Amino acid sequence: MQPWADDLARLAKDSNVFCKLSGLATEAGPEWQMNDLRPWVEHICDSFGPSRVMWGSDWPVIEMTTPYQRWRTITERFLYQYSLADQDEILCDTAVRFYGLK
């Protein structure tokens, strides 16, 4: 994980770079557990902050390894440590701003 983590932290220093929290469960394979993804999710959120992280469903590809609802539920468990405003940023508001949906 270290070279990837270092590269990601370097990218996060550029305030114009955003990160989508997507594809982790698919890449982890069919036997993944929540704690397998924890270091990746935490590093992404810590590096970019809620205002530059957007959640991605990875649907329909996610269905190859786990049901969409499991990925959504696990993500909500990861984000429980954040304020409701920060959760809203990651789950919705960052994408709305990034893609100019409002």
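Biologist: What separates Arg-72 and Glu-76 in helix H4 (residues 68–79)?
Modeller: About one helical turn, because they sit four residues apart in that helix. Keep in mind that this is a predicted model.

Biologist: Why is the contact between Arg-72 and Glu-76 called a salt bridge?
Modeller: The closest N and O atoms of Arg-72 and Glu-76 are 2.7 Å apart. The rule asks for a side-chain nitrogen of Lys or Arg within 4 Å of a carboxyl oxygen of Asp or Glu, so the pair qualifies. Glu-76 counts as partly exposed, at 34% relative accessibility.

Biologist: How do you know that Glu-42 and Arg-38 make a salt bridge?
Modeller: Their N to O distance is 3.8 Å, and the cut-off is within 4 Å, so the label holds. They are four residues apart in helix H3 (residues 34–48), which puts about one helical turn between them.

Biologist: Are Glu-42 and Arg-38 buried or partly exposed?
Modeller: Partly exposed: Glu-42 has 29% relative accessibility, and Arg-38 has 28%. Buried would mean under 20%, and exposed over 50%, so both fall in between.

Biologist: What makes Asp-7 and Arg-10 a salt bridge?
Modeller: Their closest N and O atoms are 2.3 Å apart, and the limit is 4 Å, so they count too. These two are three residues apart in helix H1 (residues 2–12), again about one helical turn.

Biologist: Why is Arg-10 called exposed, and why is Asp-7 called partly exposed?
Modeller: Arg-10 has a relative accessible area of 52%, while Asp-7 has 40%.

Biologist: How many salt bridges does the rule give?
Modeller: Four, and we've been through some of them.

Biologist: What makes the nonpolar surface patch?
Modeller: Phe-98, Tyr-99 and Leu-101, over about 350 Å². Take Tyr-99, in the segment after helix H5 (84–98). Its relative accessible area is 45%, and a patch residue needs over 30%, so Tyr-99 passes on that point.

Biologist: And the fold as a whole: what order do the elements run in?
Modeller: From the N terminus on, α-β-α-α-β-α-α, which comes to five helices and two strands.

Biologist: Why is the protein called as compact as a globular protein of that length?
Modeller: Because its radius of gyration is 13 Å, close to the 13 Å that the globule rule gives for 102 residues. Of those 102 residues, 40% count as buried. And among contacts between residues at least 6 apart in sequence, 74% join residues at least 24 apart.

Conventions:
Residues numbered from 1 in each chain as written. Predicted model: local features only at pLDDT ≥ 70, side-chain atom pairs only at ≥ 80, totals over all residues. Heavy atoms only, no water. Patch = residues over 30% accessible without salt bridge, like charges linked within 9 Å, V, L, I, M, F, W, Y side chains within 5 Å. Areas by Shrake-Rupley, 256 points an atom, 1.4 Å probe, with all protein chains shown as cover. Buried < 20%, exposed > 50% of the residue type's maximum accessible area, 1.4 Å probe, protein only. Rg over C-alpha atoms; globule rule 2.2 N^0.38 Å. Contact = heavy atoms within 4.5 Å.
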